[in-house]
Amino acid sequence: MKQLKKTDVAIVGGGILGLAFALEAIRQQKKVTVFERNPRARGASVRNFGMIYPLGMRPGKIFERALRTRNLWLELGQSAKFWLNPCGSLLVARSKEEIVVLEEFVSSRKDIEGLRLLTPKEALKKSPGLVQEGLLGALLSESEICVDPQEAIQKISLWLENCGVNFKNSTTVTAVESDQLVANGERWYAKQMIICSGSDLQTLFPNELRNSGVVNCQLQMFRTKAQPCSWLLGPMLASGLSLLHYPAFTALKSYQRLKDRLTKEHPKLLELGIHVLVSQHGHGKITVGDSHEYGDSPAIFYQKEIEDLIRNYLSSFLTLPDAEVSERWLGNYVSHPSGEPWIYKPTDGVMLVNGIGGVGMTTGFGLAQEVLPEC
Ligand SMILES: Cc1cc2nc3c(=O)[nH]c(=O)nc-3n(C[C@H](O)[C@H](O)[C@H](O)COP(=O)(O)OP(=O)(O)OC[C@H]3O[C@@H](n4cnc5c(N)ncnc54)[C@H](O)[C@@H]3O)c2cc1C
């Protein structure tokens, strides 16, 4: 074993959570080292829609966390110079039950600025690709931001490096023992270690992760070719099924009626955990997803059947000038049944942060701000 290397804060994982903690640690003037086993992050943080989506968060603490995260994205977009679109979001309603849920939501959430139920005509003005027939209205929210996840993660990493963060890429951390870790055979001393290893549940603290209740989830996504320059999606889109997916809506009185209807109408989609979100990045391509398969042993292959179900549901509310698919991929994240991230401190100075689920881009920066002062 070579000479002991030193850092104040060692972070395992160069995904959004690792970067969020690195950002917070350098704000606290700490010497930070990020260990990423790949040449650059390849996990959930570069496979997502790039939706910073406070609208869907449970009211209260998590919603507030999402708003703080959103503001940090806006700051970072300026300093790290990546493409960022504060385009907001539209949640499209095509049934009476969906409209009722949206009406109840608007009247109960006076805390959300710029929240408004649009008429079909107003919705079509914002989002010209919407299918007019059967459109009953849409919820406009102005808080949401879109980033291109691959570009954003890369530019934030570069910017953090310029701010003094030491990135050890292509470096796997294989052991964490009290105040030391082993990375590519080198031993490092750190006052604080933060393990943000995403869906790798086997390398570090496998027993603790197994006992924590966290669950792996695999999602299926695709992206179309670039749309003509003259055609813009407008706000990011969600639709009726997303009202069942996001915890923001579950406590509404009208929720159960909608759930009953969608369960009857779309049993297969619900069985496969499908709800359809749409975002467009600077290059003009449209990202569409997703499905949710929970468990340790998800499908190996991308499934055409799932893509067809997503495309079919998408075509009920959006028409694209060019719907030809250019890329398809699978992504994995880890969630905790509590709906909160799982934070565990096996010993003094070591903290595991995992289980953030489908909202790491939306809440990651705010979470790091809350948690790091406690270290
Ligand atoms: C398809 C999909 C769509 C999503 N859409 C959205 C969205 O639009 N908005 C949103 O808010 N959230 C979304 N999410 C969720 C979000 O992407 C995740 O919550 C978030 O990326 C998790 O970040 P992370 O840093 O914990 O994990 P990851 O991004 O997986 O990063 C973990 C990193 O740790 C590295 N690593 C693991 N073990 C080691 C080790 N021992 N040594 C060194 N390195 C290691 C891995 O290589 C990896 O790069 C989506 C997720 C998926 C999969």
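Helix H1 passes helix H11 in a right-handed crossing, where right-handed means that the near helix is turned clockwise from the far one by less than a right angle, and left-handed that it is turned anticlockwise. This is a predicted model, in which local features need pLDDT of at least 70 and side-chain atom pairs count only at pLDDT 80 or more, while totals for chains, interfaces and linings use all residues. Residues are numbered from 1 along each chain as its sequence is written, and side-chain values use heavy atoms, with hydrogens and water left out. Helices (H or I, at least four residues) and strands (E, at least two) are DSSP runs, numbered from the N terminus.

**H1 and H11**

- H1 covers residues 16-27 and H11 covers residues 360-371; they pack at an angle of about 35°, with their axes 8 Å apart.
- Axes here are lines fitted to C-alpha atoms, for helices over the stretch in contact, and angles run from 0 to 180 degrees between N-to-C directions.
- On the H1 side, the residues that meet H11 include Ile16, Phe21 and Arg27, and their partners in H11 include Met361, Phe365 and Val371; contact means heavy atoms within 4.5 Å.
- Sorted by class, the contact of H1 with H11 holds 10 nonpolar, three polar and two charged residues.
- In this sorting, Ala, Val, Leu, Ile, Met, Phe, Trp, Tyr, Cys and Pro count as nonpolar, Asp, Glu, Lys and Arg as charged, and the others, Gly among them, as polar.

**H1 and H5**

- H1 also meets helix H5 (residues 149-162): their axes come within 11 Å and cross at roughly 25°.
- The crossing of H1 and H5 is left-handed.
- H1 brings Ile16, Leu19, Ala22, Leu23 and Ile26 to this contact, and H5 brings Ile153, Ile156, Ser157, Trp159 and Leu160.
- By class, the contact of H1 with H5 has nine nonpolar residues, one polar and no charged.

**A sheet of three strands**

- Strands in the order S3-S8-S4 form an open sheet with antiparallel pairing; two strands pair if DSSP finds at least two bridges between them.
- S3 (51-52) and S4 (84-85) are the edge strands, each with a single partner strand, so one side of each has no neighbour in the sheet.
- S3 and S8 (residues 145-147) run antiparallel and are joined by two bridges, and Ile52 has Ile145 in S8 as its bridge partner.
- Helix H2 (residues 61-80) packs on this sheet, where it touches S3, S4 and S8, and its direction makes about 45° with that of S8.

**Strand S13 and its partners**

- S13 runs antiparallel to S18 (residues 325-335), with 10 bridges joining them; Gln220 has Leu330 as its bridge partner in S18.
- Two bridges link S13 to S17 (residues 293-294), again antiparallel, with Cys217 partnered by Tyr294.
- S13 also pairs with S16 (residues 286-289) in the antiparallel sense over three bridges, where Met221 stands opposite Gly289.

**Lys96**

- Lys96 lies in helix H3 (residues 96-108) and is exposed, at a relative accessible area of 58%.
- Apart from its neighbours within four places in sequence, Lys96 is in contact with Leu136 and Arg261.

Conventions. Buried < 20%, exposed > 50% of the residue type's maximum accessible area, 1.4 Å probe, protein only.
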